[in-house]
Amino acid sequence: MEAVLNGDSKTITIENKTLRAVKCEKCGAKMYPTSLLKPHLYRHQRRHRWFVTELRKLQYTMAHMRDMA
Ligand SMILES: [Zn+2]
């Protein structure tokens, strides 16, 4: 019986380690191992830059349309 209980506590310890995974503050995705967060955040940055570029194009078009009217 004791051996079984020890085995259970070992399983809980492993689960605690898994819970230490980092959470991305931008999309809430959980990363494990923690080293995965860096390339993940880089992907967020690239996506954000693309969005800003597209938004600027749209703003330029809108401003141009206002000039025409
Ligand atoms: Zn994320």
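## Confidence of the model

For the protein chain the mean pLDDT is 80, and 71% of the residues reach 70 or more.

This is a predicted model, in which local features need pLDDT of at least 70 and side-chain atom pairs count only at pLDDT 80 or more, while totals for chains, interfaces and linings use all residues. Residues are numbered from 1 along each chain as its sequence is written.

## Secondary structure

The protein chain contains two helices and two strands, arranged along the sequence in the pattern α-β-β-α. Helices (H or I, at least four residues) and strands (E, at least two) are DSSP runs, numbered from the N terminus.

Helix α2 (residues 37-68) has 32 residues and spans 47 Å from its first C-alpha to its last, close to the expected 46 Å. The expected span is 1.5 Å times one less than the number of residues in the helix.

## Burial and exposure

A residue is buried if 20 or more other C-beta atoms lie within 10 Å of its own, exposed if 12 or fewer, and partly exposed in between, with C-beta atoms placed from the backbone. Buried residues account for 0% of the 69 residues in the protein chain. Helix α2 lies largely in the open because zero of its 32 residues are buried.

Glu25 belongs to the loop between β1 (22-23) and β2 (30-31). Glu25 is exposed because 10 other C-beta atoms lie within 10 Å. Glu25 and Leu41 are 16 residues apart in sequence and 9.4 Å apart in space, C-alpha to C-alpha.

Methods
pLDDT is the predictor's confidence in each residue, from 0 to 100.
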